[in-house]
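Take a moment to look at the sequence and the fold. We will start with one idea about surfaces, then walk through the rings and the overall shape.

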Amino acid sequence: MDWYSIVKFLHVVSATLWVGGGFVLFLLGVLAERAGNIEDKLQAMRASGQLGGRFFAPMSMLTLIFGLIMCGFWIGFSDLWILIGLAGYATTFSIGMFIFKPTAERMAGMIAKDGVTPAALAVGQRMMSVARFDYAVMLVIVADMVLKPTAHDLAVLAGMALVVVAGATLAFGGSRRLVERAA
């Protein structure tokens, strides 16, 4: 076994834990929301807030570090798929640090002070909405890492752009209308 294989394995394991673990919490929140179970939804949001700094941020950093090691020693940084992956990583890491973390802390503070109020639930709902976009970006990153598109792979790039646009639409505009139409 060579060093590249070891680093690539560590990159994939940390990415799997980061993306997969977060997706499970997101899915639990969505299922609780659809069932109208406020307590389960709050529990999923609390867990996301608690695990954000302790688990998800370190796993995302390890994913980045192992990816940078692979690029630095073996792959390089000039391929389009590397640039897309880095842009996607920067986007989702920023969402985690600058939106999820402070939003979860604010929601926890509101609940500790006043209990579960409509205002606290609204803050949690905004976090869930942003998570839709975050996971659209993560899906694109995973597709990017597997498919490794070049500038000539227009269908793949268009599909990736469509996923990001759909995630943004579900997160920031028209999500209720789309959900109502699907129901």
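A residue is called buried under 20% relative accessible area, exposed over 50%, and partly exposed in between. Keep in mind that this is a predicted model.

Now look at the rings themselves. The structure holds nine aromatic pairs. Phe23 and Phe26 form one of them.

Another tilted pair joins Phe133 and Phe172. Here the distance is 5.6 Å centre to centre, with 55° between the planes. Phe133 belongs to helix 4 (residues 118-147), and Phe172 belongs to helix 5 (residues 154-172). The pair therefore ties together parts that are 39 residues apart in sequence. Phe133 is buried, at 14% relative accessibility. Phe172 is exposed, at 54%.

Rings can also gather in a group. Tyr4, Phe73 and Trp74 make up one aromatic cluster. Find Trp81: Lys148 lies over its face, 4.4 Å from the ring centre.

Go back to helix 1 and find His11. Is His11 buried or exposed? Its relative accessible area is 14%, so His11 is buried. Which residues does His11 touch, leaving aside those up to four places away in sequence? They are Thr63, Phe66, Gly67, Met70 and Met145.

Time to step back. The protein has six helices and zero strands. Along the sequence, the pattern reads α-α-α-α-α-α. The C-alpha atoms fill a box of roughly 55 × 35 × 25 Å along the principal axes. How does the radius of gyration fit with a compact globule? For 183 residues, such a globule would be near 16 Å; the protein has 18 Å, which agrees.

Contacts and surface complete the picture. Take the contacts with a separation of 6 or more: 72% of them link residues 24 or more positions apart. Of the 183 residues, 34% count as buried. The protein exposes about 10500 Å², and carbon and sulfur atoms supply 71% of that area.

How values were computed:
Residues numbered from 1 in each chain as written. Predicted model: local features only at pLDDT ≥ 70, side-chain atom pairs only at ≥ 80, totals over all residues. Heavy atoms only, no water. Phe/Tyr/Trp six-rings, centres within 6.5 Å; stacked < 30°, edge-to-face > 60°. Helix = DSSP H or I, 4+ residues; strand = E, 2+ residues; numbered from the N terminus. Buried < 20%, exposed > 50% of the residue type's maximum accessible area, 1.4 Å probe, protein only. Lys NZ or Arg CZ within 6 Å of the ring centre and 35° of its normal. Contact = heavy atoms within 4.5 Å. Rg over C-alpha atoms; globule rule 2.2 N^0.38 Å. Areas by Shrake-Rupley, 256 points an atom, 1.4 Å probe, with all protein chains shown as cover.
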